[in-house]
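Subject: Structure handover

Hello,

Here is the structure for you to look through. My notes on what turned up follow below it.

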Amino acid sequence: MATETVYDQILYKEDLSYLKKNRDPIIKWTLFVFASIATIFVFLIIIFLFINGAPFFAAVPLNDFLFGTNWLPTAGDFGALPIIVDTLLVTFGAIIIALPLGLATAIFIAEIAPPKLRKALKFTVEILAGIPSIVYGFFGLIVLNVIIKDIFGLHYGNSWLSGSFILAIMALPTIVSVCEDAIRAVPDYYRNASYAMGATKWQTIRKIVIPAGMSGITAAIILGIGRALGETMAMLLVIGNCKTFPEPLTNLLDCVAVITSTIAAGWGPTEQGSLEQRSYLALAIFLFLMTLIINTIANLILSRIQRKFSGERSKKRFSEFRESKLYKYMQKYKQLLLTIIISGLFILIPIDFVSRVIGVSICIGLSFLMYIRKKVPQNKKKWITYGIIIAFVGWVLSTWIGILLAITICVLILGTIYVIRRISTVSQQRLWFSIIYLFSLLAVIIVGILVSYIVVRGFPVLLEPDFLTGFPSDNGREGGILPAIVGTLELTLGSIAFALPLGVCAGIYLSEYAKNNRITKIIRAGIDNLNGTPSIVFALFGFVFFILFFGLGRSLLVGILTLGLMILPTIIRTTEEAVKAIPQSFREGSLALGSSKWQGIGKIVFPAAIPGIITGAILGMGRSAGETAPIMFTAVRSSARWITFSLFEPVMALTYHLYRLNTEVLDAVDKAAGTALTLLILVLLLYAFAFIIRSRYEKRKQW
Amino acid sequence: MKKENSGDVFLVLKFKNKNKEKIRNRYNEYNDEFVIETKELNLWYEDNHALKNINMKFRKNKVTAIIGPSGCGKSTLLRCFNRMNDVIEGCRIEGEVLFKGENLYNNNADIRINRKKIGMIFQKPNPFPMSIYDNIIYGPKIHKIEDNEILEEITENCLKRAVLWDEVKDRLKDTAMSLSGGQQQRLCIARALAVEPEILLMDEPTASLDPIATQKIEDLIFELKKEWTVIIVTHNMQQAARISDYTGFMYLGELIEYGETTQIFENPHQKLTENYITGRFG
Ligand SMILES: Nc1ncnc2c1ncn2[C@@H]1O[C@H](COP(=O)(O)OP(=O)(O)OP(=O)(O)O)[C@@H](O)[C@H]1O
Ligand SMILES: [Mg+2]
């Protein structure tokens with residue numbers, strides 16, 4: 001090396017005062033303004049909903065609303081209990097169906113599948129999460145309901161059963177991916193320790209991996225419930241919307257109504273400012289609160305998992321609570337407490353006397369059984385579990401034939417389990433794996449049938465000369481869907497153009513500039529919760545705020561704003577996560593060279609976070625393109641048959657077109673299938689694109 | 001990167017710096033013996049008292065080593081000198097850190113000017129996720145050097161001084177993340193040199209380097225101290241003895257002993273220091 005002294009390359013100005021002039025404050029304030037606008041919108045949604053719903057609660061006693069059994073707003077009857085109970089029943093049924101399938105698929109993907117297959121499956125699952133709900137609705141209406149009608153010899157196939165089944169398919173991707181993440185998060189040394197003791201793979205999964213991943217699996221179930229609760233369009237099409245209890249309460253084939261579908265079906269024709277209109281807002285508030293609780297619980301569990309495996313200590317306040325006497329008492333008597341609460345609910349809700357007695361006695365019986373279960377010796381315990389299962393299944397079917405059937409099924413299952421216990425561990429593993437294969441295969445087949453039905457039925461339509469490029473005529477029975485395609489593109493691009501700048505600025509501000517104080521936490525919580533809020537709630541907000549409050553008409557603009565607000569929370573959160581994932585050492589390295597804070601963020605952190613942000617944005621676009629409810633009251637009009645580029649005119653959209661072809665125009669199934677396929681292709685391409693970007697980026701990432 | 005005459009890479013620059021003398025004086029105008037001085041420095045992370053009453057003076061044009069067991073607060077102390085602890089939430093500082101007689105933690109003190117003058121090399125290599133070339137010119141660009149020719153000069157020069165040039169001269173446009181750990185650390189050194197700090201804070205700069213590169217970095221430190229000041233944290237006792245003029249020994253957030261390196265290593269006054277240096281510890 002040349003023996004130059006260090007002086008020889010001095011280039012820097014002596015006067016460093018240029019460093020004092022920096023743009024940081026300006027940028028910070030700009031970001032702050034954007035973040036405030038985003039935050040204000042987020043909270044405006046909540047506030048507007050409550051303000052507009054409040055007069056309802058002033059006029060109608062809460063008791064009548066929550067426990068009344070008659071829902072007929074036009075006649076002044078606002079008893080929402082049947083709707084609430086129906087919602088719970090449908091959701092419950094969905095989880096019963098989805099959980100075994102989802103868990104088995106997750107175990108298969110995480111533990112059994114070879115790496116290549118695993119990747120492919122994971123990718124598929126993630127993309128499937130994007131199938132628009134109206135497509136599920138279409139499938140349910142045309143295929144599932146017909147099957148149910150024929151099998152059971154009913155007049156209509158619209159039923160609790162088909163609702164639960166459709167919801168189960170919809171919740172599957174969520175459940176599979178969260179379960180899979182939970183199972184993957186279990187560190188490998190757990191498994192290795194188990195193998196080292198000579199355990200088989202199945203024993204390791206059963207005794208080590210699943211228990212360790214249990215809280216994640218719980219979170220998956222809760223998130224699945226949240227997803228199911230918020231589903232509107234599919235429910236609107238398949239469950240029949242009768243606002244009564246199933247008769248009897250266990251009749252899977254009776255038609256039901258859920259909160260979301262009730263709102264969607266009833267909102268349109270209501271008179272502005274009437275109590276009737278406000279009653280739907282009240283339902284929306286109720287739904288919002290329900291999802292709020294559910295999402296909060298799921299988030300708490302998920303963040304606890306993160307802490308558990310990253311070795312952080314749990315929060316002080318919580319551990320103090322754990323030490324307290326109250327908590328210990330609650331632990332001790334939780335079963336009794338639960339029994340009293342649930343029995344109380346059964347007594348309070350005004351169902352018929354028989355259902356009430358059955359409910360209470362089953363509740364008490366169950367809890368008594370659980371109590372005994374604790375007392376009996378270990379090796380007898382399982383019999384009680386099986387007894388409970390039999391009793392439960394019997395109750396669900398609740399006719400003599402049903403009980404007989406249930407007993408047969410249970411005896412079969414018990415017999416198999418009994419046999420399993422007697423055979424070698426290797427054969428056990430083989431048996432269990434077969435069950436897992438079977439369930440995963442079943443999940444794949446169900447989803448496969450759905451997709452292939454639409455492809456097979458829709459593809460020929462797509463090939464029709466005028467379908468993609470023509471205009472509809474005769475209410476969509478003839479002609480093409482060009483206006484709907486253009487409308488969907490306009491809505492999607494418009495909503496992302498609105499939400500992306502706001503969301504990205506807000507995300508950067510929140511993660512880089514906002515102090516980590518209580519206000520930030522509240523904002524973050526608000527955003528998180530809107531992230532899981534059902535789209536029908538956004539739909540009502542869009543209508544109340546833009547159309548009633550600002551007096552805008554149904555138009556592209558209002559649709560864009562409503563959809564934009566719906567995806568805004570997602571974009572804020574993904575931006576925040578993407579920016580947070582960039583190591584602190586980059587920021588420090590930049591600061592240490594004398595850069596300003598913004599220089600470091602703008603030149604290093606933000607570019608590194610761009611792939612993550614783009615992924616979020618494309619997912620948001622996919623969601624925008626696939627949603628029906630938010631545009632139903634705000635942006636579309638049935639008569640909009642032409643292409644418009646004006647922001648102030650109503651448009652047509654693929655989702656809404658498909659909805660119309662399923663409701664108003666019943667004899668255009670082929671055109672509907674073609675529309676569904678177009679929509680599916682559009683949305684799934686967006687999703688696939690997003691995940692490809694993400695996996696590319698994760699491969700390249702080296703910090 | 002068209003330069004072939006690596007023997008005299010500063011030719012162009014020399015030419016451009018007509019008022020070299022004036023610039024040379026810039027580093028010498030502060031004639032006191034001590035450039036950095038801490039007074040009753042205390043630091044807390046939340047309620048962890050990480051630095052306790054540190055009083056320490058760092059001499060100009062000398063290499064000062066800070067040694068001590070892991071977790072005793074060496075990095076923390078070093079980070080106080082260019083206010084890197086400001087970005088850590090829940091970190092609280094009391095006391096003064098004087099740089100050329102002015103308190104760094106004074107409200108009037110401009111953090112960025114001081115950071116330009118006080119460079120830092122971090123314990124874990126932290127190259128930016130961009131090309132090697134962009135990494136080096138990141139600092140100069142921040143400080144308003146826009147001329148491409150000069151930027152290329154700086155790159156070549158700094159990479160040579162950090163003993164990395166030969167390994168990367170053909171792949172300057174590759175991403176820095178593809179370098180090995182040791183190469184990354186040398187890149188970070190080159191990046192810090194590129195803004196020409198007057199003081200260089202080094203947090204275990206050779207921890208991830210092989211003996212040859214370590215030797216080169218130590219040579220570089222010798223070179224640097226002719227004009228600049230180096231404060232180095234190291235776990236390597238021989239290294240501290242080899243390169244430093246002064247050594248401070250820290251233990252549990254306190255400065256136990258501070259003095260000339262020969263004195264610390266040959267004749268420590270404190271029992272703790274002796275135990276640590278001779279390896280009879282804990
Ligand atoms: N960002 C931080 N937040 C909270 N505590 C910290 C942080 N950084 C360091 N500490 C704590 O401060 C104390 C001193 O840490 P420091 O990193 O200065 O030690 P060190 O002497 O550099 O150790 P090593 O030789 O391992 O690098 C430790 O107890 C550490 O846990
Ligand atoms: Mg350290």
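Arg83(B) touches Leu104(B), Tyr105(B), Asn106(B), Ile111(B) and Arg115(B), leaving out residues up to four places away in sequence. Contact here means heavy atoms within 4.5 Å. Arg83(B) sits in the loop between helix 3 and strand 4 (91-99) of chain B. Helices (H or I, at least four residues) and strands (E, at least two) are DSSP runs, numbered from the N terminus. Arg83(B) is buried, at a relative accessible area of 14%. Buried means under 20% relative accessible area, exposed over 50%, and partly exposed in between, with a 1.4 Å probe and protein chains only. The side chains of Arg83(B) and Asp86(B) are joined by a polar contact of 2.9 Å. A polar contact is a pair of N or O atoms within 3.5 Å; within protein, one must be able to donate a hydrogen and the other to accept it, and residues adjacent in sequence count only if both atoms are side-chain atoms.

Some ground rules. This is a predicted model, where local features need pLDDT of at least 70 and side-chain atom pairs count only at pLDDT 80 or more, while totals for chains, interfaces and linings use all residues. Residues are numbered from 1 along each chain as its sequence is written, chains are lettered from A and ligands numbered from 1 in the order written, and side-chain values use heavy atoms, without hydrogens and water.

Next, ligand 1. Of the 14 residues around ligand 1 (a heavy atom within 4 Å), Ser70(B), Gly71(B), Ser75(B), Thr76(B) and His235(B) come nearest. A polar side-chain atom of Ser75(B) is 2.5 Å from an oxygen atom of the ligand. For Gln123(B), a polar side-chain atom lies 2.9 Å from a ligand oxygen atom. Gly73(B) uses a polar backbone atom, 3.0 Å from an oxygen atom of ligand 1. Helix 3 of chain B gives the largest share of the shell, 3 residues.

Last, the cores. A nonpolar core is a set of buried Ala, Val, Leu, Ile, Met, Phe, Trp, Tyr and Cys residues joined through side-chain atoms within 4.5 Å. The largest has 200 residues, and Val135(A), Ile166(A), Met235(A), Leu283(A) and Leu491(A) touch the most other members. Its largest share, 17 residues, comes from helix 3 (residues 81-112) of chain A. A second, separate core has 46 residues, including Leu151(B) and Tyr276(B). Beyond its neighbours within four places in sequence, Leu491(A) contacts residues including Leu556(A), Ile631(A) and Val651(A).

Best wishes
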